Amino acid sequence: MSIAEVVFVLGPPGAGKGTQCTRIKENFGYIHLSAGDLLRAEQKAGSEDGELIANYIKEGKIVPIEITIRLLEKAVISAGATKVLIDGFPRNKENLDGWEREMVDSGKMNTKFMLYFECAEEECLKRAMGRNQNRADDNLESFKKRITTYISSTVPVMDEFKSRGLLRKVDANGSPDQVWDLTRQLFLEEGTVPTLPPLPTLPPTQPTLEPVAPLAPTPVAPTPAAPEQTPELSTPLPDLDAISAPAPPLLSVENTAPQHESVVLSLGEGEEEGVEEEYAGLLSYCYIL
């Protein structure tokens, strides 16, 4: 695990530490651990230290350092954090010495600086009595005890950080927004890089399909029928009416040669009159065959 960078956050009760820590967490990526919240949660969990913690909180006293450090270390490890705000700790010199012995000297965590919210006692009292968080110590008697403890125990811790050059003060008497402007500027001056805001989560959307109109049939012009064409013969058919001569009888195989010879002789030996007609008839007959 990497060494966690720790910023301690202190101020009198009602100074608005929790409000500003929430904004630091959101804008600079720190996790926020409240020592008081961890102790109250342990008390409600019914652990062996719960009754002891309850008595200390009720009396406005500081819980033994061993319990507080153990809860803080457990929370940091559980979150896997490298930048940590610890609100309300260390409350006295004993807390600081125990923290440095258990966390810093062992190399588990490193202290960056202490952020201290200055606020007048009257303003703190007004805020504490008006926040309605049902806390056992949000009453006038407990508030006075906490202020007394704060002055006697916490101020010397502030002086220790001041001597080391690690004390950063913010005027917390204004509105939450005014105090935040001062706090944000301080972190920027310390070189803390703001975190980028998370991208908005968009709800899943289903693609909307527009209804498509049916396509109208494209009219197709009828193709005109091609006129029938009669194939032209290279040789025209003869006029059958012009054939006057009767067809000669069919010839058998046996007498084919003599008949052809007789035809040739008759054509050769006949007279010129009517020869042309007979010749034309013979040609027509051969063409039909």
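Two strands are taken to pair where DSSP finds at least two bridges between them, and in this predicted model such pairing places His32 opposite Leu85 in strand S3. S2 and S3 are paired in the parallel sense over four bridges. Both belong to an open sheet of five strands, whose order is S2-S3-S1-S4-S5 and whose pairing is parallel. The edges of the sheet are formed by S2 and strand S5 (167-171), each of which has a single partner strand, so that one side of each remains without a neighbour in the sheet. Averaged over the sheet and with direction ignored, neighbouring strands are turned by 25 degrees against each other.

Further along the sheet, S1 and S4 run parallel and are joined by seven bridges, and within this pairing Met114 in S4 is the bridge partner of Phe8. S4 is in turn joined to S5 by five bridges, again in a parallel arrangement, with Leu115 standing opposite Arg168 in S5. Eight of the ten residues of S4 are buried, so this strand is largely enclosed by the rest of the structure.

Helix H1 (residues 17-28) touches S1, S2, S3 and S4, and its direction makes about 175 degrees with that of S3. Helix H8 (residues 176-189) lies across S1, S3, S4 and S5 and runs at about 155 degrees to S5.

The largest nonpolar core comprises 27 residues, and those with the most contacts inside it are Phe8, Val84, Ile86, Phe89, Trp99 and Met114. At least two residues of this core are supplied by each of several elements, including strand S1 (4-10), strand S3 (83-87), helix H5 (93-104) and helix H7 (140-163). The greatest contribution comes from H4, which gives five residues. A second, separate core of 22 residues includes Val7, Cys119, Phe143 and Leu186.

Helix H4 also contains Thr68, which is buried, with a relative accessible area of 6%. When its neighbours within four places in sequence are left aside, Thr68 is in contact with Ala35, Leu39, Val63 and Phe89.

Phe8 is likewise buried, its relative accessible area being 0%. Beyond its neighbours within four places in sequence, Phe8 is in contact with a set of residues that includes Ile86, Phe89, Trp99, Met114 and Phe161. Phe161 itself counts as buried at 1% relative accessibility. Nine aromatic pairs are found in a search of the whole structure. The rings of Phe8 and Phe161 have their centres 6.0 Å apart and their planes at 70 degrees, so this pair is edge-to-face. Since Phe8 lies in strand S1 and Phe161 in helix H7, the pair ties together parts that are 153 residues apart in sequence. Elsewhere, ring pairs link Phe28, Tyr30, Phe113, Trp180 and Phe187 into a cluster.

The mean pLDDT is 78, and 65% of the residues reach 70 or more. Among the elements of the chain, S5 has the highest mean pLDDT (97), whereas helix H9 (residues 256-269) has the lowest (44). Over residues 251-273 pLDDT stays under 50, and for this stretch the model has four contacts beyond four places in sequence. Where pLDDT is low, the predicted coordinates should not be read in detail.

Notes. Residues numbered from 1 in each chain as written. Predicted model: local features only at pLDDT ≥ 70, side-chain atom pairs only at ≥ 80, totals over all residues. Heavy atoms only, no water. Core = buried A, V, L, I, M, F, W, Y, C linked by side-chain atoms within 4.5 Å. Buried < 20%, exposed > 50% of the residue type's maximum accessible area, 1.4 Å probe, protein only. Contact = heavy atoms within 4.5 Å. Axes fitted to C-alpha atoms, helices over the stretch in contact; angles between N-to-C directions. pLDDT = per-residue confidence, 0-100. Phe/Tyr/Trp six-rings, centres within 6.5 Å; stacked < 30°, edge-to-face > 60°.
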